[in-house]
Each structure stands twice: as C-alpha cells, then as structure tokens.
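Subject: Structure handover

Hello,

Here is the structure I said I would pass on. Please look through it first; my notes follow below.

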Amino acid sequence: MGLIGGILKLPAAPFHGAGWVLRQVVAEAERQYYDPSAIQRELHALSEQLDEGLIDEEEFDRREDELLDRLEAVQEQRRRDQGDY
C-alpha cells in the first residue's frame, strides 16, 4: 500500500509542509527568546530607556523581573542539561 497510500495522502501534502514550517518558526522563536545574549541586550536597552526617562521605575522593575526570570530559566535548563542539579 506504499504507492497507493502515498497517492492518497498527496492532497494533504501542503498541510504537512505548513506544519513543518510552523514547527521551524516556533523553534527559532524559542531559541531567540531564550538566548542569554539577547536577554542581556534587552536588559541594557531597558536600562537606557529608564535613564532617558522613556519609562518609569515601576515599568522598569516589572520588565526587568521578566527578563531576569527568563535568564534564570535558561541557566536552570543548562544546569539540567549538564546534569548539575
């Protein structure tokens, strides 16, 4: 049934291709979101926004906490991956 199964599945091929593309996009977005150097750059930019008066202390603290939480999650994942619990 290999050839016949392949022919029968052919109309669904674009959906399988779209699913693969979507998985690749999500994987890349996650890689960038949890990239420590990107998080450090965002922290630096956030600090500059505070210094320039573009955001207030409350906004700075809230966003800084979010970024530090992401950075901590990355470090924790790396420790788990290395087996250092």
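How many residues does α4 have, and how far does α4 reach from its first C-alpha to its last? The helix has 26 residues and spans 37 Å, close to the 38 Å expected at 1.5 Å a residue. Please keep in mind that this is a predicted model.

The α3 helix has 16 residues and reaches 23 Å from first C-alpha to last, where 22 Å would be expected at 1.5 Å a residue. Its buried residues are P36, A38, I39, L43, L46 and L50. They lie on the same side of α3, because the arc they cover around the axis is only 155 degrees. As background, residues three or four places apart in an α-helix point the same way, because there are 3.6 residues a turn. On the face of α3 turned away from the buried side are the exposed residues R41, H44 and D51. After α3 comes G53, which has a positive phi, near 75 degrees.

In α4, the buried residues are F60, L67, R70, L71 and V74. This helix is also followed by a glycine, G83, with a positive phi near 85 degrees.

The core

The largest nonpolar core has 9 residues: I39, L43, L46, L50, I55, F60, L67, L71 and V74. Two elements, α3 (36-51) and α4 (57-82), each give two or more residues to this core.

L46 is in α3, and L46 counts as buried because its relative accessible area is 2%, under the 20% cut-off. Beyond its neighbours within four places in sequence, L46 is in contact with I55, F60, R63, E64 and L67.

Leaving out neighbours within four places in sequence, I39 contacts Y33, Y34, L67, R70, L71 and V74.

The tyrosines and R70

The structure holds 1 aromatic pair. The rings of Y33 and Y34 have centres 4.8 Å apart and planes at 90 degrees, so this pair is edge-to-face. Both tyrosines are partly exposed: Y33 has a relative accessibility of 40%, and Y34 has a relative accessible area of 39%.

Is R70 buried or exposed? This arginine, which lies in helix α4, is buried, with a relative accessible area of 11%. Not counting residues up to four places away in sequence, R70 touches Y33, Y34, I39 and E42. R70 also lies over the face of Y33, at 3.8 Å from the ring centre.

Another arginine of α4 is R62. R62 is partly exposed, because its relative accessible area of 42% falls between the 20% and 50% cut-offs. The C-alpha atoms of R62 and R23 are separated by 30 Å, and the two residues are 39 apart along the chain.

Where to start

Regards

Terms used:
Residues are numbered from 1 along each chain as its sequence is written. This is a predicted model: local features need pLDDT of at least 70, side-chain atom pairs count only at pLDDT 80 or more; totals for chains, interfaces and linings use all residues. Side-chain values use heavy atoms; hydrogens and water are left out. A nonpolar core is a set of buried Ala, Val, Leu, Ile, Met, Phe, Trp, Tyr and Cys residues joined through side-chain atoms within 4.5 Å. Buried means under 20% relative accessible area, exposed over 50%, partly exposed in between (1.4 Å probe, protein chains only). Helices (H or I, at least four residues) and strands (E, at least two) are DSSP runs, numbered from the N terminus. Contact means heavy atoms within 4.5 Å. Rings of Phe, Tyr and Trp (its six-membered ring) pair if their centres lie within 6.5 Å; planes under 30 degrees apart count as stacked, over 60 as edge-to-face and the rest as tilted. A charge sits over a ring if NZ of Lys or CZ of Arg is within 6 Å of the ring centre and within 35 degrees of the ring normal. The expected span of a helix is 1.5 Å times one less than its number of residues. The arc is that of the directions from the helix axis to the C-beta atoms.
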